[in-house]
Amino acid sequence: MTHKLWDGAPLSGIDVETFLPHRRPMVLIDRVLKHGHDSLLTATHISETSPYFDEALGGVPNYVGIEYMAQSIAALAGVEATLRGEPIQVGFLLGSRKLSMPHAFFALGETYTTHVKRLYQEDTGLAVFDCRIFHGDTQVAEANVNVFQPQDTDAYIRESQGSSTSI
């Protein structure tokens, strides 16, 4: 079943940039495929114009996978905000646990899907997600990703800058 947002538009037919605080060329995922309760599935096709494409590798280095995961989490937050009629907010990648990326790169010409599932979220905006990247049915990366989305991003940044001290 295709999830619908508004005016009968299928979710997969809506530009992914609609749900992200990022703008091209820093949008690394290509499409939102499916939205479920606390989860999202996205797709990324690797081409020679993909951000971070490495000609010597013949693809995108595996470490970029953490950003595919983070942007998929951001897209989930964006879809949820859109459904609530709220603006898209900025979030912060805090770190990861249980990171596994056994493949050296995401190969040219191939499409990868990223599944993110919210495991835990506090009222403060701190959340943990189970993230997995697949090539077909084969899992090629996984991590638990910690993120933070403050209620008021501008106030949070001002407060963070004001609390830093010089050495």
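Me: Before we dig in: helices (H or I, at least four residues) and strands (E, at least two) are DSSP runs numbered from the N terminus, and two strands pair if DSSP finds at least two bridges between them. What is the strand order of the open sheet?

Reply: Bear in mind that this is a predicted model, where local features need pLDDT of at least 70, side-chain atom pairs need 80 or more, and totals for chains, interfaces and linings use all residues. Residues count from 1 along each chain as its sequence is written, and side-chain values use heavy atoms, leaving out hydrogens and water. The sheet has six strands with antiparallel pairing, in the order E1-E2-E6-E7-E8-E4.

Me: Which strands stand at the edges?

Reply: Look for a strand with a single partner, because one side of it is then left without a neighbour in the sheet.

Me: Which residues form the aromatic cluster?

Reply: Rings of Phe, Tyr and Trp (its six-membered ring) pair if their centres lie within 6.5 Å; planes under 30 degrees apart are stacked, over 60 edge-to-face, the rest tilted. Phe-106 and Tyr-112 pair edge-to-face, at 5.0 Å centre to centre and 80° between planes. The cluster is Tyr-68, Phe-106 and Tyr-112.

Me: Is Phe-106 buried or exposed?

Reply: Buried means under 20% relative accessible area, exposed over 50%, partly exposed in between (1.4 Å probe, protein chains only). Phe-106 has 3%, so Phe-106 is buried.
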